Amino acid sequence: METITENQKVRTIKKIEKMFGHIDYKNPPELCPVRDVMSVASDQWSTLILLWLGYFKTLRFNKLKKYVYGISNKVLSQRLKVLEADGYVSRKAYPEVPIRVEYTLTDFGQLYVEKLLDLTEWIQTNSPKILANRERYGLL
């Protein structure tokens, strides 16, 4: 079983202080950059879209929809537009009939996917513990 050392706790607190230390707690800002970016890049659909684009070099819309099981055309289209606007994904449309559109990760998106993989590895390692905790609290 892993244990967290006091040094790890202190390093974590310092990182959080660095991130939030400038905020006036009596009047918090309306736009929190961390929350804003995380809400876009880490929602359930965007995470899957980015991971699949990290696995395959290029994917067309319908193939991506097949891999991101359960997503609607509308939501996939919306998520791809936002991910493209934020710089994670590039879109290339070919002037054909019917139009062919391909999506790829940008270098920026690839860097994010690498960080995302650290988190997903942690989740895979710890999911049995999380599921056991949920069961103990009657959530399963």
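Modeller: Buried means under 20% relative accessible area, exposed over 50% and partly exposed in between (1.4 Å probe, protein chains only). The model is predicted, so local features need pLDDT of at least 70 and side-chain atom pairs 80 or more, while totals for chains, interfaces and linings use all residues. Residues are numbered from 1 along each chain, and side-chain values use heavy atoms, without hydrogens or water.

Biologist: Is E6 buried, partly exposed or exposed?

Modeller: E6 and K9 both lie in helix 1, three residues apart, which is about one turn (helices are DSSP runs of H or I, at least four residues, numbered from the N terminus). K9, at 40% relative accessibility, is partly exposed. For E6 the relative accessible area is 55%, so E6 is exposed.

Biologist: How far apart are the closest N and O atoms of E6 and K9?

Modeller: The structure holds four salt bridges, each a side-chain nitrogen of Lys or Arg within 4 Å of a carboxyl oxygen of Asp or Glu. E6 and K9 form a salt bridge, and their closest N and O atoms are apart by 3.7 Å.

Biologist: Which residue meets R79 in a salt bridge?

Modeller: R79 counts as buried, at 16% relative accessibility. The side chain that R79 meets, at 3.0 Å from N to O, belongs to D43. R79 lies in helix 5 and its partner in the loop between helix 2 and helix 3, so parts 36 residues apart in sequence are tied together by R79 and D43.

Biologist: Which residues belong to the network of salt bridges that share partners?

Modeller: The side chains of R100 and E102 meet at 3.0 Å, N to O. R100 is partly exposed at 22%, whereas E102 is buried at 18%. Shared partners join into one network E96, R100 and E102.

Notes: Helices (H or I, at least four residues) and strands (E, at least two) are DSSP runs, numbered from the N terminus.
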